[in-house]
Amino acid sequence: MNSPFLIAGELEAGGHRLVQRVYYEDTDFSGLVYHARYLHFLERGRTDYLRCLGVEQRELLNADEEGLVFVVHRMEIDFKGPARMDDMLTIRTTTEKAGGAKMVLSQEIRRDDTLLLAAKVIIAVINAKGKPRRLPEKLAKQMLVASTAL
């Protein structure tokens, strides 16, 4: 099925694209999306980006004796405009850097052509015991290639 509304989004030139609808539960008393709900949209974008790359985070935890886990270390968010109930939002995720013990991802949330939010997310790569570990070179390369062109 070649639909722009695939449940996990899709890889396209320059990264990953996920479409999400705004529901009543995402809004506050004003009818606008509550600021913390944007974190949920961003997380879905990052998780489905990995899923479209063939990476299951649960499997990474048990991939070897050390385990591999991704955790948000730092996030910078610029809110540009509000989203409202029933809006169709596009979450775009692109890898800026992947290597060593961290990844840097850029994310945007748009309604049509209007930029509503821009974020830079620094992801720490750790083992199952919470200690830093290197991102496997194959995965780093896969993420960088996916964010350039398909």
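# Charged pairs, strands and rings in a predicted model

Glu 43 is partly exposed, with a relative accessible area of 36%. This value, like every other in this report, comes from a predicted model. The partner of Glu 43 in a salt bridge is Arg 46, and the closest N and O atoms of the two lie 2.6 Å apart.

## Salt bridges

Side chains of opposite charge can pair when their charged atoms come close.

| Glu 10 | Arg 17 | 2.4 Å |

Which residues are linked with Arg 17 in a network of salt bridges? The network is made up of Glu 10, Glu 12, Arg 17 and Arg 92. Glu 10 and Arg 17 are both buried, and for Arg 17 the relative accessible area is 17%, whereas Glu 12 is partly exposed at 24%.

Strand 1, residues 10-12, and strand 2, residues 15-21, run antiparallel and are joined by three bridges. Leu 11 has His 16 as its bridge partner in strand 2. The two strands form a hairpin with two residues between them, and in the turn Gly 14 has a positive phi of about 95°.

Is strand 2 mostly covered or mostly open? Strand 2 is mostly covered, since six of its seven residues are buried. On a further side of the pairing, strand 2 is joined by six bridges to strand 4, residues 88-99, and these two strands also run antiparallel. Within this pairing Arg 17 stands opposite Arg 92 of strand 4, and both of these arginines belong to the salt-bridge network described above.

Most residues other than glycine have a negative phi, and most peptide bonds are trans. Against that background, two aspartates deserve a mention. Asp 86 has a positive phi, near 80°, and its place is in the loop between strand 3, residues 69-79, and strand 4. With a relative accessibility of 48%, Asp 86 counts as partly exposed. Asp 112 likewise has a positive phi, near 55°, and lies in the loop between strand 5, residues 102-111, and strand 6, residues 114-126. Asp 112 counts as exposed because its relative accessibility of 66% is over the 50% limit.

Asp 87 lies in the loop between strand 3 and strand 4, where Asp 86 is also placed, yet Asp 87 counts as buried at 15% relative accessibility. A polar atom of the Asp 87 side chain lies 2.8 Å from the backbone nitrogen of Arg 84. Leaving aside residues up to four places away in sequence, Asp 87 touches Gln 20, Arg 21, Val 22 and Arg 111.

## An aromatic cluster

How many aromatic pairs does the count come to? The count comes to two aromatic pairs. In one of them the rings of Tyr 38 and Phe 41 have their centres 6.4 Å apart, and this pair is edge-to-face because the planes stand at 65°, which is over the 60 degrees that this class requires. Tyr 38 and Phe 41 both lie in helix 1, three residues apart, about one turn of the helix, and both are buried.

Tyr 38 also forms an edge-to-face pair with Phe 79, with 5.7 Å from centre to centre and 65° between the planes. Because Tyr 38 lies in helix 1 and Phe 79 in strand 3, this pair ties together parts that are 41 residues apart in sequence. Taken together, Tyr 38, Phe 41 and Phe 79 form one aromatic cluster.

Technical notes:
Residues numbered from 1 in each chain as written. Predicted model: local features only at pLDDT ≥ 70, side-chain atom pairs only at ≥ 80, totals over all residues. Heavy atoms only, no water. Salt bridge = Lys/Arg side-chain N within 4 Å of Asp/Glu carboxyl O. Buried < 20%, exposed > 50% of the residue type's maximum accessible area, 1.4 Å probe, protein only. Helix = DSSP H or I, 4+ residues; strand = E, 2+ residues; numbered from the N terminus. Pairing = 2+ DSSP bridges. Polar contact = N/O pair within 3.5 Å; in protein donor to acceptor, adjacent residues only side chain to side chain. Contact = heavy atoms within 4.5 Å. Phe/Tyr/Trp six-rings, centres within 6.5 Å; stacked < 30°, edge-to-face > 60°.
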